[in-house]
Structure formats: structure tokens, C-alpha cells
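Q: Hi! Could you walk me through how the helices and domains pack in this one?
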Amino acid sequence: MIPITVVDVRDAEPLVTEVLRSGVIAQGPMVKRFEDEFAKVAGVEHAVAVNNGTTALVASLQVSDLQPGDEVITSPFTFVATLNAILEAGATARFADIREDDFCVDPQAVAAAVGPRTKVLMPVHLYGQTADMGALIPIAEQHGLKIVEDAAQAVGATYEGRPAGSYGLGCFSLYATKNITTAEGGVITTNDATIADRLRVLRNQGMRQRYQYEVAGHNYRLTDLHAAVGIPQLEKLTELTEARSRNAEALSKGLADITGLRVPAVLPGRSHVWHQYTVLVGDDAKVTRDELSAKLTEKGVGNGIYYPKVVFDYDCYRDNPGVIASDVPVASRVASQALSLPVHPKLTESDVDTIVGAVREVLEG
Ligand SMILES: *Cc1c(COP(=O)(O)O)cnc(C)c1O
């Protein structure tokens, strides 16, 4: 079986052992070191480590000074954490449809969704490519919106040379299957020193000095044990991303010109870090997306459906006043056609050949 993802953190052993021996296992010097290195790698001034990507989003909204009923515009085609974070922060989620070329919010749909209560724009840089920031920034500026980027899948991605996570508040996940992992973990990036400071205080029960509370805070801290797992990966992020890119390129070459199959595009001005390699299985393909997925599994080719439905289309959100459901035809169709194939750095050339051969067999055989 060629797995859809492989977690390899074996090279973290020396640093993890160092933390274990030090006795400082909760947030301490290793978290600080991780933050400093992450900021460098991400091309931002400040990185604040937190305990997961979802809390990165929640904390970012909490320092965005929202009032109940204030709205956040985001993508309907995302992992559920994006929506849950908005609700957790007490805000209301409104959705702008996506474009099928980058799977991210369509700037025109965002402009149309802006209303008097809109305060934050939360684009999701899905699969490792940024949203169309060049078109989104003027909309945010025109309406005075703050930008909180869900960059959970996009560490290292750029738009016209500018890194994901540098447009406002950048929220990254360090979950086990993300491009860089600490098992569980998250990071918030910003170029605003005041906001970084507020986040650090919020993360630690609202206190700067022991028992001196400045705000009602929370425990969002990452541990030194987790930070130690992530540091060696930060040091080889370029290498890991290059391996993903090579695999993506080979897949796209091998999968070109199959009726009904659309391979993912790298759009002009953007770099792609290939968190996922996601194809679209169109109506003119020989089998449906679900059939292709099942057949690939049978053939030992791991694959994943990210995501099977638009994020608000579940009973638990139906009567939630914080969820403004809307018609999102592109996202709904893409959710029925998207299939992710293995692209992780551990793939061999022969794995890529196997994946390509299996897809061709199902769609052309
Ligand atoms: C993984 C992910 C998150 C949440 O991160 P966790 O670390 O799992 O909490 C949020 N948004 C997107 C798009 C993700 O892929």
C-alpha cells in the first residue's frame, strides 16, 4: 500500500531527549527556539506557538476585537476547524464560493458577501497554494477588514514572493499529517509586535507576570517536548517541499490528457507547497470520483477525499445562528469531484509510476 501520508520524525530524537533530561517539559526555551526558527522560515517577524491550529485560529479572532454578530467571511471548502474556530470565537460565519482553479475563495464572491457586519476575511490556503491575495487585499482594505489566514496547509507557500501568513494574522497547524509537525501544535504569525504580545499574554491565562492578569485568557501553550519534534523539520523544510514539488510535477506529467481528469494547477505568481495533490474527476470521466477512490484503494494506492461536503452542510450547523448557509455551487461540485493522491516526500519514483499507472488503468482501461 502506498499511503496518502507518512509521518517521519525520527531525527527529532536527540532534541526530544535533551528536553526530557532537562526537566523543563512544558513551554520553555525549546518553544522559544521553535518560534524564532519558524518566524525565519515563514518570512515574518513574530511567531507565537500554540497547542494546535484550531486554537491558532481562535486566538487570532480573539485579538481581532469582534463583537457578537460580527461576521467572518471564509471558504465553504475547508476543514471543519475553520468554521469551528469562528463559532468558538463568538463570531458569525459567512461563506464566499471558491474558484475551481485554486480551490480557494473567489475574490468576486468575497466582495459580494461583504456586509455592514463583516469584520474579518479568513481565506484558506487550501492544499498548499495561497488564495488570490492580490485580489483579496484591495477588498479587505476597501472595507476595513482584518485578514486572518488559515494557512494550516500552506507553510512556505508564497504569493508574488510574499509568504503565506504575512498578510495579517497567519494560522498554521503542526498536526501529525501537515507538512511540518510537532504531533499536535500550531503557530500564529504576524508582523505586528503589539498583536504578537497580546497573543502571548492570551495564550498564558492572560498573564504577563505571575498572577498579574491583563485579560481573560486561556491555556493555548505548546510544550517544549512538542517544539523539539518540530525543529529538525523546520531546518529541512525547503528540502521537504522540493520533494513534494518533484512528486507533484511527475504526477501531473503522468496524468496529463486523461478524459475527465483535471490535474491541479500552480497559478501564475504563486508557489505551491503541495500539502495535497488534488485532482478533479469530472462528469465526462469513465468512473465517478468515489469509484476511482475505491478502485485505487483496491490497487494499493492510498487516496483521500478532502472534503466530501461543503463545511456547513451538516445537521449540527443547520440551526446555528452563527452559520449563514448560502448557495456555493462551485464548492458543492468540487466537493463531489476532488480526490487527493499521495504526494508526500517519502514517495519513490516507482511509487509515482504505480500511482499514475493505477489511475490510468481505472480511467482508460
Ligand atoms: C489542519 C487544519 C486546521 C486545524 O489544525 P489542527 O492543528 O488540526 O487544529 C485548520 N484548517 C485547515 C484548513 C486545516 O487543514
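A: Happy to! One definition before we start: helix axes are lines fitted to C-alpha atoms over the stretch in contact, and angles run from 0 to 180 degrees between N-to-C directions. Also, this is a predicted model.

Q: Thanks! At what angle do α10 and α13 pack?
A: About 130°, with the axes of helix α10 (residues 289-298) and helix α13 (residues 349-364) 10 Å apart. Angles from 65 to 115 degrees count as roughly perpendicular and those over 145 as roughly antiparallel, so α10 is oblique to α13.

Q: Is that crossing left-handed or right-handed?
A: Right-handed, as α10 passes α13.

Q: And which residues meet there?
A: Leu-292, Lys-295 and Leu-296 in α10 meet Ala-358, Val-359, Val-362 and Leu-363 in α13. By class, that contact has six nonpolar residues, no polar ones and one charged.

Q: Let's switch to α8. How does α1 cross α8?
A: Helix α1 (residues 13-22) and helix α8 (residues 224-235) have axes that come within 8 Å and cross at roughly 160°. That makes α1 roughly antiparallel to α8, and their crossing is right-handed.

Q: What makes the contact between α1 and α8?
A: From α1 there are Leu-15, Val-16, Val-19 and Leu-20, and from α8 there are Asp-224, Leu-225, Ala-228, Val-229, Ile-231 and Pro-232.

Q: What about α2 against α8?
A: Helix α2 (residues 29-42) packs on α8 at an angle of about 30°, and their axes are 8 Å apart. So α2 is roughly parallel to α8, and this crossing is left-handed.

Q: Which residues of α2 and α8 meet?
A: On the α2 side, they are Pro-29, Met-30, Val-31, Arg-33, Phe-34, Glu-37, Phe-38 and Val-41. On the α8 side, they are Asp-224, Ala-227, Ala-228, Gly-230, Ile-231, Leu-234 and Glu-235. The contact of α2 with α8 has 10 nonpolar, one polar and four charged residues.

Q: Zooming out, how is the chain divided into domains?
A: Into domain 1 (10-235) and domain 2 (237-364). Their C-alpha centres lie 24 Å apart, and the contact takes 48 residues from domain 1 and 38 residues from domain 2.

Q: How much area do the two domains bury between them?
A: About 3500 Å², with 57% of it on carbon and sulfur atoms.

Q: Which three residues supply more than any other three on the domain 1 side?
A: Glu-100, Tyr-127 and Asn-179, which supply 21% of the area that domain 1 buries against domain 2.

How values were computed. Residues numbered from 1 in each chain as written. Predicted model: local features only at pLDDT ≥ 70, side-chain atom pairs only at ≥ 80, totals over all residues. Heavy atoms only, no water. Helix = DSSP H or I, 4+ residues; strand = E, 2+ residues; numbered from the N terminus. Parallel < 35°, antiparallel > 145°, perpendicular 65-115°, else oblique. Left-handed = near helix turned anticlockwise from the far one by under 90°. Contact = heavy atoms within 4.5 Å. Domains from an automatic or database assignment. Buried area = accessible area lost by both parts, 1.4 Å probe. Nonpolar A, V, L, I, M, F, W, Y, C, P; charged D, E, K, R; others polar.
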